Amino acid sequence: MVDKTEFHIDQNLKELTEHRTVSLPIACYETTIIHNVHGHIPLHWHDELQFVFVMQGEVLFRVNQEEIGVPEGNGIFINSGSMHMAEDIGEGNVCKYICLNLSPQFILPAELYMKFVHPYVTATNVPYLMIPGDQSWGLNILEAMQAIKQNLRTQPVHYEIDVSAQLLTIWKQFISNGCLLEYDPNEVTRNQRMKGMLEWIHLHYAEPVKLEDIAKAGQLSRSETCRYFKQILRTTPIHYVMDYRIQKSLELLQLPEMSITEIAYQVGFNSTSYFINQFGKIMNTTPLKFRREMELKSRVEMNG
């Protein structure tokens, strides 16, 4: 079981990780949130369905515009295409969870997929669903996740069949205890516009960014753009740009050949001092201290 510490995301926030084993379109990760280079799981989305089982601590998930606290011993389902991120709740809280990602097409054969899977994947009112560990259907899902984790780790004879059987258990429990499905075309459009604006920012963050440009990418007015960002991301467009620049700098700070000044200009700041100032506001440290901490962490990991 690998502790996933980095996310590779494209310009549209889509995660690029291939969620599969050699023979199955499924992957199971154990994640400790504070081990991520960003200190949290950054905003992203993927085509795969995701089931999460919180093993330790309490996790705050943000799925589209909603915030959901998931305590230890419980889980959450995150639907295909839903934008989401995760962070620890509380100071000193070390959260660990099992994350199961799978292709929707892998759950059932084609003859049954359109009836029992596709309606849930395309429903606009199910971006996520809580999985309660104190209810039998939720416990059945969480136990099946652990069985899949064990099978993928040890790979006994015919483990693929066992994994498939556990997935059937998970999906039957899920659809038996879900909600009435709804399909709102306005919600689809809203989601596409938000992703379009984020894609534009991620392509142009190193350049001078204006609110008008972001609004144009989403085919919205300036005021509507601000409303979208406030409702969905709990921030303003310009603050999002600033935060994204800092997050991109975290990756570059791990490259010892790049100076702080070079990094500042590469991620869109027009002065080193302004970069250091904004870095301090967002990360509560300096770029140099962050670099030294990452170097120390790397040496510790290399030594065992």
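**Figure 1. Charges of the chain in the predicted model.** The chain carries 26 positive and 35 negative charges, whose mean positions lie 5 Å apart. Lys and Arg count as positive and Asp and Glu as negative, while His and the chain ends are not counted. Each charge is placed at NZ of Lys, CZ of Arg, CG of Asp or CD of Glu. This is a predicted model, in which local features need pLDDT of at least 70 and side-chain atom pairs count only at pLDDT 80 or more, whereas totals for chains, interfaces and linings use all residues. Residues are numbered from 1 along each chain as its sequence is written, and side-chain values use heavy atoms, with hydrogens and water left out.

**Figure 2. Elements of the chain and their confidence.** The chain contains eleven helices and nine strands; these are DSSP runs numbered from the N terminus, with helices (H or I) of at least four residues and strands (E) of at least two. The radius of gyration, taken over C-alpha atoms, is 21 Å, close to the 19 Å that the globule rule gives for 304 residues, so the chain is as compact as a globular protein of that length. That rule is 2.2 Å times the number of residues to the power 0.38. The mean pLDDT, the predictor's confidence in each residue from 0 to 100, is 89 for the chain, and 91% of its residues reach 70 or more.

Figure 3. Asn64 lies in the loop between strand E4 (59–63) and strand E5 (66–70). Although Asn64 is not a glycine, its phi is positive, about 50°. With a relative accessibility of 12%, Asn64 counts as buried (buried means under 20% relative accessible area, exposed over 50%, partly exposed in between, with a 1.4 Å probe and protein chains only). Buried residues make up 47% of the 304 residues in the chain.

**Figure 4. The loop that holds Arg234.** Arg234 is found between helix H7 (222–233) and helix H8 (237–252). Its phi is also positive, near 60°, in a residue other than glycine. Arg234 is partly exposed, at a relative accessible area of 40%.

**Figure 5. His204 and Val267.** His204 belongs to helix H5 (residues 185–204) and is partly exposed, at 23% relative accessibility. His204 and Val267 are 63 residues apart in sequence, and their C-alpha atoms are 9.7 Å apart in space.
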